[in-house]
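Here is a short report on aromatic pairs and nonpolar packing. The structure comes first.

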Amino acid sequence: MDGINRVLQRIDAIEQRFNYSPAPAMNFSKVLAGVEKSNATGEKTFASDDIGKMIQFTAKKYGVDPKLAMAVAKVESNLSPDVVSSAGAVGVMQLMPETAQGLGVQNSKDPRENIDGGVRYLKQLISTFDGDVPKAVAAYNAGPQAVKNYNGIPPYSETKAYVAKVMELSK
């Protein structure tokens, strides 16, 4: 113990000497502790601002523009973790079951897993299309093969409107 204390004192001395003030590290478990809340029935619920914090954290984790990730989540689900589309897409990032499975997402209804998978997928699409964000966003909506087939944003009205809305919200 004495040795550890001496090391800690030495670190403090060095930090003071160089006027070093460590920036508060983003602790994911603390973020999640603040995000998860229990309702009267004991079920976990997530407020949209908490969902926003998870999206921000996850976007930074994967090197995705947080505004872009937030825009995709807003257009996909309006930040609701409980949304299930008629096509079967689930959660905040509206992951299709086969996409979620391919990303290793065990429970698409869990906002943490859903957001992690969705943002990771968005990052993959940005890389696939060499940083062309509109193409990546189109691929998120219509699938990467459709973007490849049309060598750009597919001429589907839904996808064109989706890309325009996401790009506008991400400014």
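The structure holds 2 aromatic pairs. Rings of Phe, Tyr and Trp (its six-membered ring) pair if their centres lie within 6.5 Å; planes under 30 degrees apart count as stacked, over 60 as edge-to-face and the rest as tilted.

| Pair | Centre distance | Plane angle | Class |
|---|---|---|---|
| Tyrosine 121 and tyrosine 140 | 5.5 Å | 50° | tilted |
| Tyrosine 150 and tyrosine 156 | 5.8 Å | 85° | edge-to-face |

The model is predicted: local features need pLDDT of at least 70, side-chain atom pairs count only at pLDDT 80 or more, and totals for chains, interfaces and linings use all residues. Residues are numbered from 1 along each chain as its sequence is written, and side-chain values use heavy atoms, without hydrogens or water.

Helices here are DSSP runs (H or I, at least four residues), numbered from the N terminus. Tyrosine 150 is partly exposed at 45%. Tyrosine 156 is partly exposed at 37%.

Tyr140 also belongs to the largest nonpolar core, which has 34 residues. Such a core is a set of buried Ala, Val, Leu, Ile, Met, Phe, Trp, Tyr and Cys residues joined through side-chain atoms within 4.5 Å. Ile55, Val64, Leu68, Val72, Met93, Ile115 and Tyr140 touch the most other members. Helices H3 (48-62), H4 (66-77), H6, H7 and H9 (157-169) each give two or more residues to this core.

How values were computed:
Buried means under 20% relative accessible area, exposed over 50%, partly exposed in between (1.4 Å probe, protein chains only).
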